[in-house]
Amino acid sequence: MCGIIGYIGKKNATPILLEGLRRLEYRGYDSAGVAVTDAGALSLRKKLGKIDEGLAPLLREQPVTGQTGIGHTRWATHGVPADKNSHPHLDETGRLAVVHNGVIENYDALKQKLTRAGYTFKSDTDTEVLAQLIGDYLRQKPSSDAPSLTRAVCAAVGDVIGTYGIAVISADHPGVMVGARRGSPLIIGIGEHENFLTSDANAIVPHTQKVVYLNDYDVTTITASGFEVENLGPETASVQISQLEFDAADAQRGRHAHFMLKEINEQPQTVLNALRGRLDFAAATAKFGGLNMTAAELRGVDRIIIAASGTSWHAALVGEYLIEEFAQIPVEVEYAHEFCYRNCPLEKNTILLVLSQSGETADTLAALREAKRRGHRALAIVNVVGSTIAREADGGIYMHAGPEIGVASTKAFVSTLTVLVLLAVHLGRLRMLAAKRALEVLHALNALPKQLEKILEQTGLVQKLAEKYAGAKDFFFLGRGYTFPVALEGALKLKEISYIHAEGYSAAEMKHGPIALIDPETPTVFLVPQDAMYEKTLANLAMIRARKGPVIALATAGDTGIQRVADDVIYLPKTLEALYPILATLPLQLFAYYIALARGCDVDKPRNLAKSVTVE
């Protein structure tokens, strides 16, 4: 969560920092601030609220200049959103500034120690403790023999328990910026006579395409002319310069009112990107370049555990159905955070598959590391090339969805589902999946981009339905079989961006209690494609109708009978049962988007949420 941007070069840092913070705001928007050094002085500006409502006006009223600076946009952990808790934070002298993503778990003990030593604190954050600690190490020797800023940072993080991605500048150390990471992403951007430090490459993509992804326990010292990296852990620092796969235009809203709407509309293309080069019709299979497992090794897998969080967990449930049907491999889906902290039995031939759009999700990364610690192979499906999960996994598959800026995940979810279908086919063909059946799935996958475009043609209809039901206080989303996880995802999307209470259930579960909540004011979104569960799902729908609950049905094109039992219908193109989750997701995302719009909600920055959960 949160966002870090740092600049050091020959230009005025403030406009660059402010632009970067706007690009990072989807990662936290409780408050924002900058610190800039110039001519032996440090200037600080920070303000509660979104950037254009707080920090930007403040900088117009009280401008700052300098060629070295750091900035931060916050999602609150320690301390309520407030000016005093905004980053950057200063040490006792006011000449050293720190921005920080992560959680310092032993901050209270460190704070008490520093308080006893005479230090005073102005905020309720764990980050200010880190600033004071670094400042303390800087002043432990006479000024003539003072340690460098880098050595002080190394000493301070050695005292820290928890996670951190930090950027540090000091008025007493001009032309230097220091960064360090453990468990929270940090990236060096390499420019011409200028360099950058950020938690998300999206912040610096207008300035450079060359980046270095730091590893845990790395500490970097950056100047305008270069950088050095050392590792404080057992590993030797390894520096690899990478090229970003996207450009500044990819991370712009373009003609769309919101990033979420843009990314919903990009889904035909993102599905195409996920399929490109992976459909092998000649061999009736899907092919991948990065699994790093031989056919014999994959055939030897007896069990797969899929670990994920949030939206990715819903995709994992679909993956469970897919892999068990096509490959006949037992699959269990775990919340990543639960997998880490319970003693889950892992048999010899079990592999872990983790799902993460950002590749930085703290719980999911911890699950991957736990599986590897126990000697099991860990594979990953991720979107962000160069992310920590991508680098630490034994093998994996990229989604190629492009940057996803909207806080509520849309195109990454659909891309994950697409990759999971491909993986299930690949594993199935190594076992007992017939070529005829595999080809049927591959051809159906190939048709998806155009089918998604057909669904987008119904945007006007979905918008009208959203406006009709925007006043509801509660919603149910129901499905069965492959569409059950999509019902969960549809409910989550509505909750995330419209703040309407919504619950996703298996339609069969309604009669076991939740049906008591059905009344004429509680709409139900029913996923009833013509699949193997169609008749049973219709019977469940009848129970809702009998209690006068309004019904919105997502049905297969040509199913005119559904109109007799549903108040409103959105039609999906006909496809295979296993692919309906991909088609059904898009209208549910549009439905949530237009309800949020009708209710006046901030679609791209929903309250209390941030894009990537990098703290536990």
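Biologist: In which helix do Arg373 and Glu370 both lie?
Modeller: This is a predicted model. In it, Arg373 and Glu370 are three residues apart, about one turn of the helix. An α-helix has 3.6 residues a turn, so residues at that spacing point the same way. The helix that holds both Arg373 and Glu370 spans residues 362-373 and is H11.

Biologist: How far apart are the closest N and O atoms of Arg373 and Glu370?
Modeller: Side chains of opposite charge can pair when their charged atoms come close. A salt bridge here needs a nitrogen within 4 Å of a carboxyl oxygen. Arg373 and Glu370 form such a bridge, with their closest N and O atoms apart by 2.8 Å.

Biologist: Is Glu370 buried or exposed?
Modeller: Buried means under 20% relative accessible area and exposed means over 50%. Arg373 has 60%, so Arg373 is exposed. Glu370 has 17%, so Glu370 is buried.

Biologist: How many residues apart are Lys11 and Glu194?
Modeller: Lys11 and Glu194 form a salt bridge, with 3.5 Å between the closest N and O atoms. Lys11 sits in the loop between strand S1 and helix H1, and Glu194 in the loop between strands S9 and S10. The pair therefore links distant parts of the chain, and the separation in residues is 183.

Biologist: What is the relative accessible area of Glu194?
Modeller: Lys11 has a value of 42%, so Lys11 counts as partly exposed. Glu194 is buried, and its relative accessible area is 6%.

Biologist: How many residues apart in sequence are the parts tied together by Asp172 and Arg95?
Modeller: The side chains of Asp172 and Arg95 meet in a salt bridge, 2.7 Å from N to O. Asp172 is in the loop between strands S7 and S8, and Arg95 is in the loop between strands S5 and S6, so the pair ties together parts whose separation in sequence, in residues, is 77.

Biologist: Which residues of H5 are buried?
Modeller: Helix H5 covers residues 149-158, and seven of its 10 residues are buried, so H5 is largely enclosed by the rest of the structure. The cover over these buried residues includes S6, helix H4, S7, S8, strand S12 and strand S13. The buried residues are Leu149, Thr150, Ala152, Val153, Cys154, Ala156 and Val157.

Biologist: Leaving aside neighbours within four places in sequence, which residues is His256 in contact with?
Modeller: His256 lies in the loop between strand S14 and helix H6. Its relative accessible area is 12%, so His256 is buried. With those neighbours set aside, His256 is in contact with Leu261, Lys262 and Asn265.

Biologist: Leaving aside neighbours within four places in sequence, which residues is Thr459 in contact with?
Modeller: Thr459 belongs to helix H15, residues 459-469. At 16% relative accessible area, Thr459 is buried. Its contacts, with those neighbours set aside, are Leu590 and Tyr594.

Biologist: Is the peptide bond from His87 to Pro88 cis or trans?
Modeller: Most peptide bonds are trans. Pro88 is located in the loop between strand S4 and S5. The bond from His87 to Pro88 has omega near 0°, and is cis.

Biologist: What is the phi of Gln328?
Modeller: Most residues other than glycine have a negative phi. Gln328 is not a glycine, but its phi is positive. Gln328 lies in the loop between helix H9 and strand S18, and at 57% relative accessibility Gln328 counts as exposed. The phi of Gln328 is about 55°.

Biologist: What is the radius of gyration of the protein chain?
Modeller: The chain has 18 helices and 26 strands. Its C-alpha atoms fill a box of roughly 85 × 55 × 45 Å along the principal axes. For 616 residues a compact globule would have a radius of gyration near 25 Å, which agrees with the value for the chain, 26 Å.

Biologist: What share of the 616 residues in the protein chain is buried?
Modeller: The chain exposes about 23,400 Å², with carbon and sulfur atoms supplying 50% of that area. The buried share of the 616 residues is 61%.

How values were computed. Residues numbered from 1 in each chain as written. Predicted model: local features only at pLDDT ≥ 70, side-chain atom pairs only at ≥ 80, totals over all residues. Heavy atoms only, no water. Helix = DSSP H or I, 4+ residues; strand = E, 2+ residues; numbered from the N terminus. Rg over C-alpha atoms; globule rule 2.2 N^0.38 Å. Buried < 20%, exposed > 50% of the residue type's maximum accessible area, 1.4 Å probe, protein only. Areas by Shrake-Rupley, 256 points an atom, 1.4 Å probe, with all protein chains shown as cover. Contact = heavy atoms within 4.5 Å.
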